[in-house]
Amino acid sequence: MSTINNQKNVKEQYASAGNLNTRISIHQKYSTNKMGFGNWIFSNYKITQGMKVLELGCGTGDMWKGHEDLIKACDRLVLSDFSEGMLENAKANLGDCAGLEYRVIDIQNIPFEDESFDVVIANMMLYHVPDMNRGLSEVRRVLKKGGAFYCATFGEYGIMEFLCKTLNAYGVEDKGQ
């Protein structure tokens, strides 16, 4: 499938929150992790007072629900997605808060200055990126030196091996648990 057709399919699939909400519902009902995937993800973040955080592919923003303390701790929190429909849902779910922004962003062309963020998050979306090297290069560019890049996906093995190999080329080491 061509990159253009793939991007078109992804845009159509995520034009609204319906498909994503179905996936979230399945994981909530049948996950073996009783902590909940979103809570487990957040338990691994190291976000402290005054940080600038960018989330790429935030979807409905649902994972931020119940984490208002982290939202308020951020000096700047940019929740972004490729889909305007997803951002509308995220804003409906989370509302307005000081320092919280909603932006349509393509990971392959992040519209921020170099070294703008202490933390960049990209969960359950990297497998949709047509040019992974370009996307990860953009993440590295906007991430401050010493900053953290968090990314995850569903599945027993996910894409961890692929990401570790790809990020290794950028001098990033896996500091997993």
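These legends go with a handful of close-up views of a predicted model. Residues are counted from 1 along each chain as its sequence is written. Local features need pLDDT of at least 70 and side-chain atom pairs count only at pLDDT 80 or more, while totals for chains, interfaces and linings use all residues; side-chain values use heavy atoms, with hydrogens and water left out.

**View 1. The chain and its run of helices and strands.**
There are 7 helices and 5 strands here, taken as DSSP runs (H or I with at least four residues for helices, E with at least two for strands) and numbered from the N terminus. Starting at the N terminus, the order reads α-α-α-β-α-β-α-β-β-α-β-α. Take contacts (heavy atoms within 4.5 Å) between residues at least 6 apart in sequence: 70% of them join residues at least 24 apart.

**View 2. Tyr45 meets Tyr150.**
Rings of Phe, Tyr and Trp (its six-membered ring) pair up if their centres lie within 6.5 Å; planes under 30 degrees apart are stacked, over 60 edge-to-face, and the rest tilted. That rule gives 4 aromatic pairs. Tyr45 and Tyr150 make a tilted one, because their ring centres sit 4.9 Å apart with the planes at 50°. The two partners are 105 residues apart: Tyr45 is in the loop between α3 (37-44) and β1 (52-55), and Tyr150 is in strand β5 (residues 143-150). Both tyrosines are buried. Ring pairs also tie Phe42, Tyr45, Trp64 and Tyr150 into a cluster.

**View 3. Phe112 against Phe117.**
This aromatic pair is edge-to-face, at 5.0 Å centre to centre and 80° between the planes. Phe112 and Phe117 are both buried.

A disulfide is a covalent bond between the sulfur atoms of two cysteines. The cut-off is a pair of cysteine sulfur atoms within 2.5 Å, and the structure has 0 disulfides. For Cys97, the closest cysteine sulfur is in Cys74, 9.4 Å away, which is too far for a bond. Cys97 is partly exposed at 27% relative accessible area, and Cys151 is partly exposed at 23%.

Definitions and conventions: Buried < 20%, exposed > 50% of the residue type's maximum accessible area, 1.4 Å probe, protein only.
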